[in-house]
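Have the picture open while you read.

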Amino acid sequence: MPATTPLPPYPPSVQAPVVETHFGEQVVDPWRWLEADVRTDPKVEEWVVAQSAFTDAYLKALPERAVFERRLKGLFNYARFGVPREEGGRLFYAYNSGMLNQAQLLVRDAASPKGRVLLDPNAWASDGATALDAWEPSPDGNLLAYTVQDGGSDWRTMKFVAAADGQALADELKWVKFSAIAWVGSEGVLYSRFAEPQPGEAFQARNYDQQVFYHRLGTPQAEDRLVHATPDKPSWGHAASVTGDGRWLVVTSHEGTDPLTAIGLAPIGRGGMDRGDWQVRPLIPGMTAQWDLIDGIGDTLWFVTSKEAPLKKVVRVDLSGAVPVFTTVVPETDANLEGAAIVGDRLVLAYLRDVKSDVRLFTLDGTPAGTLALPGVGSLAGLSGKPGKAGGHFGFTSFTMPSTVFAFDEDSGKAKVWEKVALRFAPHDFKVEQVFYPSKDGTKIPMFVVRRKDATGPVPTILYGYGGFNVSLPPAFSSARMAWLESGGAYAIANLRGGGEYGDAWHDAGRRAAKQNVFDDCIAAAEWLIANGIAPKGGLAVEGGSNGGLLVGAVVNQRPDLFAAAHPAVGVMDMLRFDRFTAGRYWVDDYGHPDREADWKVLRAYSPYHNIRGGVDYPAILVTTADTDDRVVPGHSFKYAAALQAARIGDKPHLIRIETRAGHGSGKPVDKIIAEAADVYAFLAHWTGLSPRP
């Protein structure tokens, strides 16, 4: 551990205590004023400017930073391809030549083996912070609908372009959020939106009353047709999709982040949206299980569902009669079914087996038809193909393999590289181990440990975790992580309860009243890494983002002695008020309701902001957030950082890094990603004792 150099005084964080009584307990909130929007509140803006200057000065002085930045630039500089989509004889795919701030969208015509640029987001903003988000080609391949993300916000603007010549259409759709893009023929799209927020409320107001609209190309958005809404259930959200043959509109409804869904249907006639009553009628009226549409052929739909199958199964629905007929075609197995597609005349089912991808093939009636050959131990990173069309594509990644696109044949299960990826490192220099360690209650938790093969004895280590929202952490490549590994450090990814690695039961074991299991799992991982000689005592850092930022804040409060450094990124830090901003209300599925006594007491017990323990030495902490994060509003991190700096928790630095023109993570330009990674890894290296290799 480096010698401690006394820090100058932190910039002031004025306390203006708000005192409230909840369920018999007085709760003091000294920094409530930091919840205000930095764009509109001068006091918050002044605080952000002062904190940023203080943190920037500290980080720039770290001797490790220049080495990390130089190596990160080298590791990011390789050509990257997205999984292509084929429509109308054209292939559409994302591409980054290496150091472009934003990936371009390329199209490859049937007669050409090379792609041409259809959309280049790098020309959309001088700072590179305007990104191409979702995109969907029309069924004939002649048009493309796409959404634009500005400054990292969750709000999107939908636009359209002609595939043949890149000519932009005049149509523009505003206030799109958490939306799919579903073409109805090639005449228009279905999309989801919210009402325009009140002035000044776009980045903080709670999101209610999401609606599905149909937009016919060539008409103003004001004339868009309302297709589906639930004003009696304002907390419900809705996403529209259309089966590959254009026969059925399927609306998937949800209430929060829980995977439980309701399904509504409407037939699409030959006249598309211009015919029929377009009343969406319930197929699955209640949210009692997960139902995800795979695709449809004629009057038959296929779904992945968790109904009476916690690890999920495939069900076929026959809509040809007066009453839908449900038939299980692929029963639940001992692995978690994470994704599915129909390619040609095969069901392609992607399972997660002990946190590693395993892809199985079946006929449409559920008869086993072999496996899809994967290039090693890792995870699927995208899958494309369509019913009745032979062949498809998938992406594959591992800790030592950047996402690589393969073309596959659904009959033989054979795959070959579609576009080769040139590596900027030597994969054979590293080893990956999977261990299963006991948590506090004896539950075995899987964890991947990655390090150099020539590592001898304990080395500075980062422990990463998430543990929530049914999200799995399978093997995946990260250029930033590789910079740490190349420098001689180890990286451990713990698959904590609350995630989706083992289906519903694993998720349920780490949420609401069981949330402490997640923290226990992370603490046990830290103890295992030290006890088993992976990390030295005094050389372990903990890192996590979003729900993982909450995780970091909670475990540091509970066991500050375990960690030399911590990086809570864009974290949910005030568990008593998370539901009052933007999408926070969705999270009650995992966290519980702060206005209900039983849930409130659980939340109060681990809320990072409310449980900082004065009089105990804390690790060095670098909090990171962004000014345009309207998923987890930056007020969470602002308040938490102010509380850390005011507490008596030792002499190590407790800093906050605030990115500008960025949000929760998606759409962040490469130059900002590299700068942030250089700052974070230099900080963690400095306090865990890692000397990066030049």
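Predicted model: local features only at pLDDT ≥ 70, side-chain atom pairs only at ≥ 80, totals over all residues.

Start with helix H2, which covers residues 65-76. H2 has 12 residues and reaches 16 Å from its first C-alpha to its last, close to the 16 Å expected at 1.5 Å a residue. Which residues of H2 are buried? They are Arg65, Val67, Phe68, Leu72, Leu75 and Phe76. These residues sit on the same side of H2, because they cover an arc of only 155° around the axis. And what covers them? The cover includes helix H1, strand S3, helix H3 and helix H10.

Next up is Leu217, in the loop between strand S14 (211-216) and strand S15 (225-228). Is Leu217 buried or exposed? Its relative accessible area is 18%, and buried means under 20%, so Leu217 counts as buried. Leaving aside neighbours within four places in sequence, Leu217 is in contact with several residues, among them Leu143, Phe160, Leu169 and Trp183. Asp171, Ser186, Glu187 and Gly188 are also in contact with Leu217. Ala170 is 47 residues away from Leu217 in sequence, yet the two are 8.9 Å apart in space, C-alpha to C-alpha.

Last comes a pair of strands, listed here:

| Strand | Residues |
|---|---|
| S28 | residues 379-386 |
| S29 | residues 389-398 |

S28 and S29 run antiparallel and are joined by 5 bridges.

Conventions:
Residues numbered from 1 in each chain as written. Heavy atoms only, no water. Helix = DSSP H or I, 4+ residues; strand = E, 2+ residues; numbered from the N terminus. Expected span 1.5 Å × (residues − 1). Buried < 20%, exposed > 50% of the residue type's maximum accessible area, 1.4 Å probe, protein only. Arc of directions from axis to C-beta. Contact = heavy atoms within 4.5 Å. Pairing = 2+ DSSP bridges.
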